[in-house]
Amino acid sequence: PRSDGSGSGSGQHPEIVMWFPAKQAEIAAACKRRFKGVKVTTLGQPQTKKMVALMNQIRHDGVRLGFGPFENWLQLTSGAHAILHFAKQCESISMYGFSAWKTDGPVLDQFTGRRSKVHSGQLFHDWKAESVAWGPLPPPGG
């Protein structure tokens, strides 16, 4: 994501967004020291709770529309935090690398090339529900 801070979307400077609550202030300070002129944003608990409530509503609607049932989940993925954060701030956003995790055929994990999601990721995230949430969004240039 890029912003010059004016809200014009002219794309002059990147923005670093941190959602995970542990050590946010310490990490933000280190980012500001290392990346001069880059906007550093931390998402507080009220913002994160609103994002969780929105995803719960999307999950509820997804089940109602026949896309569920979904797995239990403990937290949004980093990508979901980013999408929900920037969707509120930007007139438009372009997303790359967001897709459904297919369970059939040869599929590789986007981070390490694993053939299946690690157990901790399966406990924390619900990729199926998030892929349902992003599915209706228009494709880039669409």
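This tour goes through a predicted model of one protein chain, stop by stop.

**The whole chain**

Begin with the entire protein chain selected and coloured by secondary structure. Five helices and two strands are present. Followed from the N terminus, the elements of the chain come in the order β-α-β-α-α-α-α. Next, colour the 142 residues by accessibility: buried residues account for 26% of them. With the surface displayed, the protein chain exposes about 9,900 Å², and carbon and sulfur atoms contribute 57% of that area. Of the contacts between residues at least 6 apart in sequence, 54% link residues at least 24 apart.

**Helix α2 against helix α3**

Select residues 45–64, which form helix α2, together with residues 78–89, which form helix α3. The axes of the two helices come within 11 Å and cross at roughly 100°. This crossing falls in the range of 65 to 115 degrees, and α2 and α3 are therefore roughly perpendicular to each other. Now show the side chains where the helices meet. On the α2 side, the contact is made by Thr48, Met51 and Leu54; on the α3 side, His81, Leu84 and His85 take part. Sorted by class, the contact of α2 with α3 contains three nonpolar residues, three polar residues and no charged residues.

**Helix α2 against helix α5**

The class make-up of the contact of α2 with α5 is five nonpolar residues, no polar residues and two charged residues.

**Charged pairs**

Side chains of opposite charge can pair when their charged atoms come close. The count for this model is two salt bridges.

Remain on helix α2 and select Arg64 and Asp61. Their side chains meet in a salt bridge, at 3.7 Å from N to O. Both residues lie in helix α2, where they are three residues apart, about one turn of the helix. Are these two partners buried or exposed? Arg64 has 57% relative accessibility, above the 50% cut-off, and so counts as exposed. Asp61, at 24% relative accessibility, lies between the cut-offs of 20% and 50%, and so counts as partly exposed.

Then move to Glu26 and Lys23. A salt bridge joins the side chains of Glu26 and Lys23, with an N to O distance of 3.8 Å. Both Glu26 and Lys23 are exposed.

For the last stop, select Ile93, which is placed in the loop between α3 and α4 (119–124). With a relative accessibility of 37%, Ile93 counts as partly exposed. Which residues does Ile93 contact, leaving aside its neighbours within four places in sequence? Ile83 and Phe86 are in contact with Ile93. Draw a distance line between the C-alpha atoms of Ile93 and Ile83: the separation is 8.2 Å, for two residues that are ten residues apart along the chain.

Definitions and conventions
Residues numbered from 1 in each chain as written. Predicted model: local features only at pLDDT ≥ 70, side-chain atom pairs only at ≥ 80, totals over all residues. Heavy atoms only, no water. Helix = DSSP H or I, 4+ residues; strand = E, 2+ residues; numbered from the N terminus. Buried < 20%, exposed > 50% of the residue type's maximum accessible area, 1.4 Å probe, protein only. Contact = heavy atoms within 4.5 Å. Areas by Shrake-Rupley, 256 points an atom, 1.4 Å probe, with all protein chains shown as cover. Axes fitted to C-alpha atoms, helices over the stretch in contact; angles between N-to-C directions. Parallel < 35°, antiparallel > 145°, perpendicular 65-115°, else oblique. Nonpolar A, V, L, I, M, F, W, Y, C, P; charged D, E, K, R; others polar. Salt bridge = Lys/Arg side-chain N within 4 Å of Asp/Glu carboxyl O.
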